[in-house]
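Please examine the structure below together with its sequence. The report that follows describes selected residues, the overall make-up of the chains and the places where they meet.

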Amino acid sequence: MLFLLNNPVVMIIGIFLIGLLGWVSYLIIREIQFNNILKEKHGVMRVEYPKNKTFFNRRLGLLGGSALAPVIVLVLIFVLGSQETISPTGETELLSDSNDIEMIYSKFQDYLAPYESPQNRVGEEEVVDDASEPDVEYDETPSFSDGMEAMFPTADEKIGWDEVDNVISDDIYVYQVLETEVKVSLYNSPSYSLDELPEYKVITPDLEDLCDVAFTIDSIYVDSNYLSVSVGYEDALCDVELFVYDKTNDFALNEIYTLSGDIVAVKQNEGSLVVVTSDVIDYEVGFDINGLPYYILDDVKEEVLYEDILYYDATYPYAFTSIYHIDLVNNLVDMEVLLGDYNSYLYITDNHLYLVGYLYYFEGLAEFFELESPVETIHSMVVKYDVESDVTIVSSSEINGVMLEELAIKEYGDYLAIATTTALEEEVVNYFYVLDNQMNVVSVLDTIGLPNEHIDHVKFYSTEVYVYFTITEESFQIIDIEDILNPKIK
Amino acid sequence: MFKLKLSKNEHRLVKERLKLVETPKYDYVLTDDKELIEEDKLNIVFHNSDIPRVSRLLDLIVQGEELYITGSNEFGQKSVECRNFYYFLVEGDEVYGVLRTTKLIVRMKLYEIEELLVSKDFIRTSKFCLVNIGKIDYIKPALNSKLNLLMKNGDICEVNRSYLKEFKNALKV
């Protein structure tokens with residue numbers, strides 16, 4: 001009933017159809033009555049009434065058909081519509097203003113209102129930095145316990161971009177974060193304890209004219225020439241501040257970069273930083289207050305344009321994910337913004353960044369039937385960016401299933417391997433995809449695991465992939481990726 | 001007009017053989033048993049073997065005496081029994097009596113024909129048409145509360161809205 005009230009057009013059409021059906025029914029009844037009377041009259045007159053009822057039946061059929069036809073068409077539409085999944089086109093949508101975003105969000109709310117909200121889904125904000133230790137040799141004699149290490153990482157493994165390093169060294173200095181300042185000590189010998197190292201300098205970010213609230217230093221990043229300090233605030237409304245100091249100039253402040261959103265990950269390359277921030281959209285206050293992602297450099301604010309925001313059909317428009325490439329040498333900032341989920345997986349290598357988010361397939365007419373669970377299947381959208389010298393979108397791909405585990409993705413040269421599962425659905429299917437550098441699917445395995453077992457975690461080695469499952473203890477499968485284009489289950 | 005009363009339980013069968021339609025108001029009682037006659041009615045007592053003859057008798061009773069109407073066409077003049085006319089139609093200044101495949105010009109006004117055929121189950125359907133109920137094949141309601149009468153010769157006559165009530169009453173048994 002609520003559906004009818006919310007959709008007056010449907011209600012009017014429904015009323016019209018009912019009226020049409022009623023009127024035609026009246027005509028049919030009237031016609032039958034008249035001809036029955038005529039038949040009786042002929043009987044009284046002792047006139048032979050036509051025994052051939054073909055014409056009468058045909059008339060009845062015609063009238064009945066004309067009355068029922070629109071109803072049948074409507075029923076067919078509903079039946080077909082209810083069976084057909086509303087699947088996304090996978091295309092990007094052009095956004096021209098805030099109304100476009102609000103319409104997308106509203107459509108999603110209609111479908112997902114009775115469903116769990118995205119932030120309650122499994123899948124934390126996990127990222128993998130695979131490029132920081134390219135020379136790490138993997139243990140070639142894996143065992144089940146190796147899989148467990150993925151759950152409880154050792155100090156040698158880097159999980160998560162935002163390394164939150166409070167103490168780092170470049171073999172010249174040792175940098176130590178002390179709440180609101182960075183202590184720079186001379187690195188003489190590894191045998192010295194941190195407190196014994198001679199102090200060289202203390203750097204305190206100058207936050208005057210910036211967000212005037214309590215702050216702490218989140219993390220520090222170092223390359224040959226620069227020390228970058230990211231500052232975090234208690235007030236979530238404050239921006240991300242990145243202070244860059246020139247090591248070759250006695251740690252003189254080189255530049256301050258102000259970025260909107262909450263910092264998600266930072267990757268330091270030689271002479272550049274790749275920073276990812278996330279900005280949750282508060283639809284209740286509107287975009288006049290929300291604003292769009294931006295950065296400030298040299299007191300000049302550069303805000304992204306609506307038409308430059310990337311949005312993929314059927315991804316949840318919950319937050320802006322901004323990817324910044326900061327050229328520390330030339331003081332240049334390049335920015336790309338993606339409208340999508342808040343909880344996307346991030347994976348970065350030396351030159352590429354991958355975002356993996358949910359893609360929703362809805363049950364047909366889920367809204368009309370007010371289904372408790374309108375989502376029929378969940379897929380993933382993998383978006384690839386080139387972040388070597390700036391931020392450029394390369395391509396994207398839609399794949400079945402979702403990543404439930406942060407280490408389920410790895411780049412092998414020009415190819416990307418990713419393991420997903422449909423564990424959130426009734427039927428469990430596990431996938432192992434191989435995508436090329438343009439995100440085309442070159443290979444997929446969908447027979448991984450035993451029935452009803454979904455992927456728990458994945459461990460990638462140079463020629464093998466260990467896939468661990470949830471239900472059966474010590475259950476795992478090995479995928480041979482010696483030929484990355486033709487992965488095989490061993 | 002007729003009521004059938006039988007001593008044995010063969011009512012439906014005899015009724016079909018007689019092609020009889022019983023009416024609530026009746027003047028004739030048909031029976032095979034003298035004990036079942038009604039004194040204030042016209043009674044016809046018959047034996048089952050006489051059913052065909054009784055049927056012909058009933059035809060005569062219902063249809064009444066023959067009435068001929070004279071009309072003419074390009075083939076000459078003809079007198080036709082009124083029940084053979086499908087309908088009478090006014091076209092221009094002429095009144096036509098339409099038969100199965102031909103029509104005759106009748107030198108009478110339509111209202112005169114109507115008065116003449118009042119007991120012959122002819123009914124006025126419009127200002128210009130007088131229809132033989134016995135020759136109606138099918139009634140098809142049309143829009144605007146009109147009726148289309150499909151005649152047995154394939155022609156269509158229309159019952160005007162203002163004549164609808166009278167037409168309905170004429171059909172009532």
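Leaving aside residues up to four places away in sequence, L253(A) touches F243(A), V244(A) and Y245(A), where a contact means heavy atoms within 4.5 Å. L253(A) belongs to strand β9 of chain A, residues 252–259; helices (H or I, at least four residues) and strands (E, at least two) are DSSP runs, numbered from the N terminus. With a relative accessibility of 43%, L253(A) counts as partly exposed. On this scale, buried means under 20% relative accessible area, exposed means over 50%, and partly exposed lies in between, with a 1.4 Å probe and protein chains only. The C-alpha atoms of L253(A) and I203(A) are separated by 9.5 Å, although the two are 50 residues apart along the chain.

The model is predicted, so local features need pLDDT of at least 70 and side-chain atom pairs count only at pLDDT 80 or more, while totals for chains, interfaces and linings use all residues. Residues are numbered from 1 along each chain as its sequence is written, chains are lettered from A and ligands numbered from 1 in the order in which they are written, and side-chain values use heavy atoms, with hydrogens and water left out.

**Chain A as a whole**

The secondary structure of chain A comprises six helices and 28 strands. Chain A has 490 residues, of which 47% count as buried. Among the contacts in chain A with a separation of 6 or more, 55% are between residues 24 or more positions apart.

In soluble globular proteins, nonpolar side chains tend to be buried together. A nonpolar core is here a set of buried Ala, Val, Leu, Ile, Met, Phe, Trp, Tyr and Cys residues joined through side-chain atoms within 4.5 Å. The largest such core has 40 residues, and I309(A), F320(A) and I326(A) touch the most other members. A second, separate core has 32 residues, including I399(A) and Y433(A).

H325(A) lies in strand β15 of chain A and is buried, at 4% relative accessibility. Apart from residues up to four places away in sequence, H325(A) touches several residues, among them S272(A), L332(A), D334(A) and S389(A). A polar atom of the H325(A) side chain lies 3.3 Å from the backbone oxygen of S389(A).

Which residue has a positive phi of about 75° although it is not a glycine? That residue is A314(A), located in the loop between β14 (309–311) and β15 (319–327) of chain A. A314(A) is buried, at 8% relative accessibility. In chain B, K19(B) is not a glycine but has a positive phi of about 55°. K19(B) is placed in the loop between α1 (11–18) and β2 (28–31) of chain B, and is exposed at 52% relative accessible area.

**Salt bridges**

Side chains of opposite charge can pair when their charged atoms come close. A salt bridge is defined as a side-chain nitrogen of Lys or Arg within 4 Å of a carboxyl oxygen of Asp or Glu. Over all chains, the whole structure holds 14 salt bridges. The table lists some of them.

| Salt bridge | N to O distance |
|---|---|
| K490(A) and E464(A) | 2.4 Å |
| E38(B) and K5(B) | 2.7 Å |
| E114(B) and R124(B) | 2.7 Å |

E114(B) lies in helix α3 (residues 110–116) and R124(B) in strand β9 (residues 122–126) of chain B, so this pair ties together parts that are 10 residues apart in sequence. E114(B) is partly exposed at 24%, whereas R124(B) is buried at 13%. As for the chain A pair, K490(A) is exposed at 60% relative accessibility, while E464(A) is buried at 13%. In the remaining pair of the table, E38(B) is buried, with a relative accessible area of 16%, and K5(B) is partly exposed at 23%.

**Where the chains meet**

At the interface, 22 residues of chain A are in contact with 31 residues of chain B. The two chains bury about 2,300 Å² between them, 64% of it on carbon and sulfur atoms; buried area is the accessible area (1.4 Å probe) that two parts lose on being put together, summed over both. Two salt bridges are counted between chain A and chain B. The side chains of D59(B) and R46(A) form a salt bridge at 2.5 Å, N to O. On the side of chain A that touches chain B, the elements giving two or more residues are α2 (8–44) and α3 (54–83) of chain A. The largest share, 13 residues, comes from α2(A).

Methods
A polar contact is a pair of N or O atoms within 3.5 Å; within protein, one must be able to donate a hydrogen and the other to accept it, and residues adjacent in sequence count only if both atoms are side-chain atoms.
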